[in-house]
Amino acid sequence: MAIRLSSFFENIFDDKLSAYRKKYSCQSVLLGLIETWKRALDNKMCVGAVMADLSRAFDSMPHQLLICKLRAYGLSLEACTMIASYLHERHQRVKLGPHKSPWQTLKKGFPQGSGHGPLLYNILSNDLFYFISVCHLFNYADDNTFTCCDPSYETVLTHLEMDTKSAINWFERNFMKVNPEKFQVIFLHPQGTIDNFPNTITLNDSQIARHSVTKLLGVSIDDNLTFHKHVNDICLKAYKQINALIRIRRYITVNDRFKIYNSFILSNLNFCPLVWHTCGSVSTKKLEKIQKRALRFVFNEFTSDYDTLLTKANVNTLFLSRLKYIATKVYKCVNSINNE
């Protein structure tokens, strides 16, 4: 059923609806957003963005509203009835020690861990794009980023406030729990100065503070797009992990250390590399130092130089690995074989 529904909605879903879809990922969302900002800044435009926060989005989806939307999108009455039977008459209760609460019928939310839940959430939230008139909306599950680019910062503010208020109204009409006070706002200026932008914007009686750094889908984005904060964060996280592992290295074989290095350290250092590759030479050196320390943990060698450790592990520097990754992605895009 999920396969048939996915095929039916593939040409209906908006291109910016990115979660739980083939050829989409966190990186594709972030890359699309950052490249939109960079093009605007190159054209001497001001940039503003609001990151919306939702609470328990998957648990707030009303079943009846979803069925109505499925019917409106063109599903037959029989198909809607079948999906309704999948969602209706589900029960849950709370167990605390020997105590159990009475069973309660679920009238909203999707079954946890099901293959249908993410798809049905996309179907329910797809029409949000119809209510955004001026700004660009970049969506990944319950993460929604509204961004506007214009030569005038007053226009950026006006459009952001207008479309974000429209989105809040949509969230409320669709029974989603929205938290305007937890929204994040960031502004970028082509000259790097954001003094003209206000420190707060007003959304539905809530004052949203401007941030110099905001975190979206695991990547810290600063208002100068240097990504120094992101690199510092992942280096600090990796450094703490390595120090903890070094203390117990004698109990772990080399093969297991290498698996740990790939799973817990290298995976963090290479998360969404296309987005922050242009982080600069200082941040690049920090990353290489972390990999050097990680390889010393793997081989229990604390005197060998970096090149020797790389050769022994048969790996490249992080910088060269990112360049190869970029070249591979470009080749796939040029030849229409991109699988992300």
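Predicted model: local features only at pLDDT ≥ 70, side-chain atom pairs only at ≥ 80, totals over all residues.
Residues are numbered from 1 along each chain as its sequence is written, and side-chain values use heavy atoms, with hydrogens and water left out.

The interior comes first. In soluble globular proteins, nonpolar side chains tend to be buried together. A nonpolar core is here a set of buried Ala, Val, Leu, Ile, Met, Phe, Trp, Tyr and Cys residues joined through side-chain atoms within 4.5 Å; buried means under 20% relative accessible area, exposed over 50% and partly exposed in between, with a 1.4 Å probe and protein chains only. The largest such core holds 52 residues, and W37, I221 and F227 have the most contacts inside it. Helix α2 (residues 26–42) contributes the most to this core, with 8 residues. Helices (H or I, at least four residues) and strands (E, at least two) are DSSP runs numbered from the N terminus. A second, separate core of 48 residues includes Y121, L128, C148 and I208.

Contact means heavy atoms within 4.5 Å; beyond its neighbours within four places in sequence, F227 touches I34, V219, S220, I221, D222, V275, W276 and C279. The phi of F227, however, is positive, near 65 degrees. L225 likewise has a positive phi, of about 55 degrees, without being a glycine. L225 is placed in the loop between β14 (219–222) and α7 (228–246), and is buried with a relative accessible area of 10%.

Rings of Phe, Tyr and Trp (its six-membered ring) pair if their centres lie within 6.5 Å; planes under 30 degrees apart count as stacked, over 60 as edge-to-face and the rest as tilted. The whole structure contains 5 aromatic pairs. Because F9 lies in helix α1 (residues 2–9) and Y73 in helix α3 (residues 63–73), the pair ties together parts that are 64 residues apart in sequence. Both F9 and Y73 are buried. The rings of W170 and F171 have centres 5.6 Å apart and planes at 75 degrees, so this pair too is edge-to-face. W170 is buried at 1% relative accessibility, and F171 is buried with a relative accessible area of 1%. F8, F9, F13 and Y73 form one aromatic cluster.

Helix α11 (residues 306–313) shows how a helix can be sided. Its buried residues are Y306, L309, L310 and A313. They cover an arc of only 100 degrees around the axis, so they lie on the same side of α11; the arc is that of the directions from the helix axis to the C-beta atoms. The face turned away from the buried side of α11 carries the exposed residues D307 and T311. Among the elements covering the buried residues of α11 are α8 (254–269), α10 (281–299) and α12 (318–334). Just after α11, N314 adopts a positive phi of about 60 degrees.
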